[in-house]
Amino acid sequence: MAKSQSIIQEFPFWFTQRAESRLIFLYGEERTKDLMNRLLDRMQHFSVPKAQPLTEYWNEQDVILITYGDNIRQTDAKPLATLYEFSLLHLKDCINSIHVLPYFPFSSDDGFAVIDYKTVDPQLGDWRDIERLALDFSLMTDLVINHVSRENLWFIDYLSHKKPACDYFIELPENTDVSSVVRPRSTPVLVPAHTHQGLRYVWATFGEDQIDVNFANPDVLFEFIDILLLYIQKGSRFIRLDAVAFLWKKLETRCINLRETHEIVKLIRDIVDLIAPGTVLITETNVPNGENLSYFGNSDEAHMVYQFTLPPLLLHALYQGNSHYLTRWAKDMPRPQKNCTYLNFIASHDGIGLRPAEGILPEQEVKVLVDAMHEYGGYVSTRTGLDGRPAPYEINIALFDALKGTSLGLDQWQIQRFICVHTIMISLQGIPAIYINSLIATANDYHGVEQSGKTRSINRHKWEYSELMDLLNNPHSPNAIIFHEFKRLLGIRRRQAAFHPDAAQETLSNSPALFSFWRTSPDHRQRILVVSNITPQRQTMSLPNHPRPEGSGLWRDLIERTAIHKNTAELVLYPYQTAWLEALD
């Protein structure tokens, strides 16, 4: 007792109080004393290089690149070394953070069926490569927390009934009623496992090779706390909790977004806030908008949540040339709580999720969009709804091809439309994240789909370094045009205090052919009016009253580098043009 009391006294009261209350809720009062001792002992022995005092979590400089460790390859170097070289030479002036998608040994799902959480995949490199990246860029690492590969040693120990991992999984009779469980796939919830004790059935939310772990067993929680601490120790600033919404299971519930799941996220937040202030926790919850926002908690869960509703709404707006649903959603979005913000993205290694648009885009609008993406060479995956019928879940397509036309048909505006949609995204409140295959305008990869047999591979192209550089050095290639314009826009954006993630946003109601909003810096010294023409026709907008009439009243378009006189009544926008109008004194 004296020993445990002395350990507790080494930690701040706010932490021990919160952690204890969370453990009591999760595992009961009787077990909490021992669990608290285990937790504090682990943290007591954790060491991380001494950081500078935390002044802010983020600022307008923050831009994230999303990439696999081997999206760019060359024959004479490990992929992580190639990624470091490319990023340092070509991106350092416009991107300061890199999300390296799971870089561990895996068996499927391009990294998200992890075999060994504590080892870097030797085909990519080693921990020295990761630590080197983390020195020059803020590193985001995936904590694949809901499930493991069938080849993971924990599951192999389960099959042979070896302690402790034999209790790490959820085993149920084959005929268990799981009809109330929300499904992201059309595969069965319970999948067969041939154990040393005979045929058993285990819970697998995402498929037969991704077996869910059982967080009702606190040993599982502590395994992942150890993994979390390792990733922070190796230099990760951002920790992404993959598929976390499905974490806790209770029969006769939806088994998604349960309170127990939220309590675990809060406990992880408590841990990182104490031992590594400045570490940013991100929840990846591809669910309807309200459910997604719930992971902010009361400013005590995720520091950031993905704007999963943004990709389908932006794609819809540009396809239809109509911002009605996008504007209505943006006007209704709450300002993030203190020390919280949004992660804005349009494309990623996954497809464009459709569940986050539920209740925002009418079903008929979703159907029209899905049909168009089929026409542009994409695929659509389905999930099994609670009514037992298949429902569209995700569009799989390269974003560059997704924007090759509109409801009016194919046209010559693909490049401009592609730049427009990203310019909107990087202007919105939050931190922007750009997928590497969007940054370099990659088209649909049908060869990748044929090789893998997975439709998601259509947007997971791997580039040979020399081939990519030939394209980026050719000023006439779409890849080079888009890449260099992205770099220019990001360079401008990173110098504007009004694009700080905490800068206020006010969405305007204009013509549905336009999408516009104000951004105001936290110190109120800079205001930028963002206006985008989302159609292939020229549009005009009546300029609002200048917010500083006592000054010069001039507007400066930061993108076009032109000034607009205070007496100008209308702004003319060519097809897919975005203006960043700074209100000058």
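1. Leaving aside its neighbours within four places in sequence, D401 is in contact with Y376, Q414, A443 and N444. The model under discussion is a predicted one. D401 belongs to helix α13, which covers residues 399-402. Its relative accessible area of 10% places D401 among the buried residues, because buried means under 20%. The C-alpha atoms of D401 and T568 are separated by 37 Å, and these two residues are 167 residues apart along the chain.

2. Strand β18 (residues 431-435) deserves a point of its own. How many of its residues are buried? The strand is mostly covered, with 5 of its 5 residues buried. The covering applies to both faces of β18: I431, A433 and Y435 lie on one side, P432 and I434 lie on the other, and all are buried.

3. The partners of β18 come next. Strands of a sheet pair through backbone hydrogen bonds, in either a parallel or an antiparallel sense. Strand β1 (residues 64-67) runs parallel to β18 and is joined to it by 3 bridges. Within this pairing, I64 stands opposite A433 of β18. Strand β12 (residues 341-344) also runs parallel to β18, joined to it by 2 bridges. Here the bridge partner of N344 is P432 in β18.

4. In β15, the residue opposite I352 is I395.

5. Aromatic pairs form the next topic. A pair of aromatic rings is described by the distance of the centres and the angle of the planes. The count for this model comes to 28 aromatic pairs. For Y103 and W127, the ring centres are 5.9 Å apart and the planes stand at 90°, so this pair is edge-to-face. The pair links distant parts of the chain, 24 residues apart: Y103 is in the loop between β3 (97-100) and α5 (127-136), while W127 is in helix α5. Y103 counts as buried at 0% relative accessibility, and W127 is buried with a relative accessible area of 15%.

6. F418 and F486 provide another example. Their rings lie 6.1 Å from centre to centre with 25° between the planes, and the pair is stacked. This pair, too, links distant parts of the chain: F418 is in helix α14 (residues 414-427) and F486 is in helix α18 (residues 478-493), 68 residues apart. Are these two residues buried or exposed? F418 is buried, at a relative accessible area of 0%, and F486 counts as buried at 4% relative accessibility.

7. Other ring arrangements should be noted. Y117, W154, Y168, F215 and F224 form one aromatic cluster. Charged side chains also sit over rings in the model. R38 lies over the face of F222, at 4.2 Å from the ring centre. The charged end of K462 is placed over the ring of Y68, 4.3 Å from the centre of that ring.

8. The structure holds 7 cavities of 30 Å³ or more. The largest cavity contains about 190 Å³ of space. Which residues lie nearest the centre of the largest cavity? Of the 19 residues that line it, F206, D242, A243, E284 and D350 lie nearest its centre.

Key: Residues numbered from 1 in each chain as written. Predicted model: local features only at pLDDT ≥ 70, side-chain atom pairs only at ≥ 80, totals over all residues. Heavy atoms only, no water. Phe/Tyr/Trp six-rings, centres within 6.5 Å; stacked < 30°, edge-to-face > 60°. Helix = DSSP H or I, 4+ residues; strand = E, 2+ residues; numbered from the N terminus. Buried < 20%, exposed > 50% of the residue type's maximum accessible area, 1.4 Å probe, protein only. Lys NZ or Arg CZ within 6 Å of the ring centre and 35° of its normal. Contact = heavy atoms within 4.5 Å. Pairing = 2+ DSSP bridges. 1 Å grid on protein atoms, 1.4 Å probe; cavity = no way out; pocket = protein on both sides within 12 Å on 5 of 7 lines; lining within 4 Å. Points joined across faces, edges and corners; volume = space filled by probe spheres on them.
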